[in-house]
Amino acid sequence: MPAPSAPPSRPGAALAWRPLQRSTRVAIIGALVATVFYQLFLLNPAYRGPTWLWLAMLTAEGLTALHLIGTWWTILAHDDRSEPVDVTVWRNRLRAGAEVPSIDVFITAYGEEPELVRRTVRAALAMDLPHRTYLLDDGDSDELRDIAAAEGAGYFRRPGGQHAKAGNVNAGLARTDGEFAVIFDADHVPEPGFLLSVLPHFVDPDVAFVQSPQSYTNHVNLVATGSAEAQRIFYELVCPGKNHFNAAFCVGTNVMFRRAALDEIGGIWTGSNSEDIWTSIELHKRGWTSIYVPQVLARGLAPYDVSSYLKQQLRWASGGFEILLRGRLFKRGSGLTLDQRLQYLFCGTHYLLSLAMMTFMLFPALYLLFALSPIRADGFVWATHYLPFQAMVLLVTWLQSGGFKPSAIVASIGAAPVHLRALWAVVRNKPATWKVTNSAGTGTRSLWAVMPHVALLVLNVTAITVGLIVMADPPPTWLSVGWATMIVLILGRMILESVTGGRIRHAPPPPAPALPRQTGVSSANTPVPAGVSAA
């Protein structure tokens with residue numbers, strides 16, 4: 001099947017973000033040169049320290065370089081093509097009242113606050129174009145059943161809850177027959193124009209699904225802001241590049257599927273907690289195409305507290321490592337293109353960066369406590385190789401993200417221990433479990449969730465104290481002290497956020513204005529099918 005010609009740019013429509021700037025492209029090329037220069041220095045045996053420590057550093061720096069190069073390559077491929085004419089034509093026809101194919105909208109719920117779910121249901125019902133809206137309740141909540149009935153939406157619940165969200169969606173698919181299916185998480189509120197923006201891309205019969213970004217609105221504390229910033233960078237910069245390679249993947253919400261494509265693979269993938277990306281892989285293997293639309297068409301909520309955030313990261317990292325270790329991406333005859341294989345590979349290497357980060361967090365303590373260093377070189381030689389590399393990486397990051405947000409740095413580094421926990425679980429083929437739960441996500445206080453952070457903090461504080469007392473070689477000692485101090489500050493901020501429950505700086509965003517209640521389950525007043533609200 002041909003590669004998608006879907007664009008991130010849409011003439012005449014409000015875009016979510018600016019195109020990739022020329023200055024960023026130039027900086028990325030410079031960063032690639034600096035990366036190679038630094039890697040060659042590390043590989044020079046003349047500067048090798050203790051073999052085991054040198055190999056650890058090579059592994060950490062190699063993982064970092066691999067993922068940086070992959071990310072920069074993806075970003076450089078930023079898809080700036082204009083929207084195909086036939087997509088625009090179908091959208092204009094839909095605006096003019098042309099016939100609309102049948103669309104089922106699924107809102108998946110499992111223990112969320114009822115009023116939060118009501119808000120999403122109302123917004124889904126109010127979307128333009130005729131459609132049917134169903135609340136898929138895996139929490140067996142009579143209150144949600146009543147909300148669905150009061151708002152005019154269909155309601156499904158199922159016994160057992162097998163296969164979690166994937167099983168919930170598949171149960172909904174089995175009880176409906178729409179040509180297209182839309183999935184929203186319970187906390188992602190769609191814009192009225194969601195269907196009108198997404199549906200026309202299916203004019204290409206090879207398109208299996210169209211994905212739009214996740215966007216978080218509750219920038220109320222460090223965790224929520226840091227998580228939102230990381231998502232923004234991913235959807236603004238990385239996803240348009242993946243779209244260029246026909247490797248945009250489903251992220252579980254704000255997505256529309258062609259039912260025929262899902263039927264071909266037996267529905268949403270159920271063999272993993274990361275059902276979204278595995279479903280994408282199976283569809284791409286069979287030659288289907290995907291499209292990423294870089295418009296914010298639905299807005300959701302980031303985790304409010306550390307335990308909820310780390311629980312989310314544990315699940316996402318487990319999925320990434322499963323793809324890396326069990327995805328058989330490079331198996332001959334898999335049906336994936338080389339570009340697609342590499343793009344899925346980078347999903348796993350992203351979480352492997354945490355292995356590198358944990359290694360880097362141990363280096364200053366090893367020097368300050370035991371005088372062990374992976375590289376033996378005077379300060380000038382080391383600086384002339386390392387500083388250009390680090391400066392270019394920081395420059396590219398600055399240009400890409402529009403500046404540095406401390407919350408994003410703290411949240412990213414703070415997730416490293418739980419990413420390693422996910423890796424260990426996947427290697428042993430045992431699902432990682434999480435003891436601290438927070439279904440509401442509104443402020444759980446927990447020291448247990450950050451015990452690995454506490455251990456690392458104590459190690460680095462001890463190392464700083466010992467290093468300053470001994471002070472055998474001032475230049476490298478001060479460098480290590482500075483490095484360890486930065487680690488202590490970052491870990492300390494994460495620990496503080498966890499034990500205080502993620503203090504809210506200001507009130508969360510107010511609920512969306514009440515929308516006119518529909519008399520059916522679509523903007524065309526399609527009646528609720530008989531029996532839909534039954535348990």
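Two strands are taken as paired if DSSP finds at least two bridges between them. By this criterion, strands E2 and E3 of the predicted model form a pair, since four bridges join E2 to E3 and the two run parallel. Within this pairing, Leu136 stands opposite Phe156 in E3. On another pairing of E2, six bridges join the strand to E1 (residues 103-109), again in parallel, and here Ala109 is placed opposite Asp137 of E2.

These pairings belong to an open sheet of seven strands, arranged in the order E3-E2-E1-E4-E7-E6-E8 with mixed pairing. Its edges are formed by strand E3 (154-157) and strand E8 (289-292), each of which pairs on one side only. On average, and with direction ignored, neighbouring strands of the sheet are turned by 20° against each other. Helix H10 (residues 275-285) packs on the sheet, where it touches strand E6 (207-211), strand E7 (255-258) and E8. The direction of H10 makes about 145° with that of E6.

Strand E2 (residues 132-137) is mostly covered, with six of its six residues buried. The burial extends to both faces of E2: Arg132, Tyr134 and Leu136 lie on one side, Thr133, Leu135 and Asp137 on the other, and all are buried.

Considered as a whole, the protein contains 17 helices and nine strands. Of its 535 residues, 55% count as buried. Among contacts with a separation of 6 or more, 83% are made by residues 24 or more positions apart.

Asn170 counts as buried because its relative accessibility is 18%, and the cut-off for burial is under 20%. When residues up to four places away in sequence are not counted, Asn170 touches Gly267, Ile268 and Thr270.

In the unreviewed UniProt entry, the annotation "transmembrane region" covers residues 26-43, 52-75, 351-372, 379-401, 407-427, 447-472 and 478-496. Two of these segments may be described in terms of the model. Over residues 52-75 the chain is 100% helix and 0% strand, with the end C-alpha atoms 35 Å apart. Over residues 447-472 the chain is 77% helix and 0% strand, and the end C-alpha atoms are separated by 36 Å.

Ile469 is located in helix H16 (residues 451-470). Its relative accessibility of 66% is the reason why Ile469 counts as exposed, the cut-off being over 50%. Ile469 and Leu368 are 101 residues apart in sequence, and their C-alpha atoms are 9.9 Å apart in space.

A contact between two helices was also examined. The axes of helix H12 (residues 338-370) and helix H15 (residues 416-427) come within 8 Å and cross at roughly 120°. The crossing in which H12 passes H15 is left-handed. On the H12 side, the contact involves Tyr351, Leu352, Ser354, Leu355, Met357 and Met358, which meet Ala416, Pro417, His419, Leu420 and Leu423 of H15. Classified by residue type, the contact of H12 with H15 comprises nine nonpolar residues, two polar residues and no charged residues.

Technical notes
Residues numbered from 1 in each chain as written. Predicted model: local features only at pLDDT ≥ 70, side-chain atom pairs only at ≥ 80, totals over all residues. Heavy atoms only, no water. Buried < 20%, exposed > 50% of the residue type's maximum accessible area, 1.4 Å probe, protein only. UniProt positions renumbered as here; feature names shortened; annotations may be inferred. Contact = heavy atoms within 4.5 Å. Axes fitted to C-alpha atoms, helices over the stretch in contact; angles between N-to-C directions. Left-handed = near helix turned anticlockwise from the far one by under 90°. Nonpolar A, V, L, I, M, F, W, Y, C, P; charged D, E, K, R; others polar.
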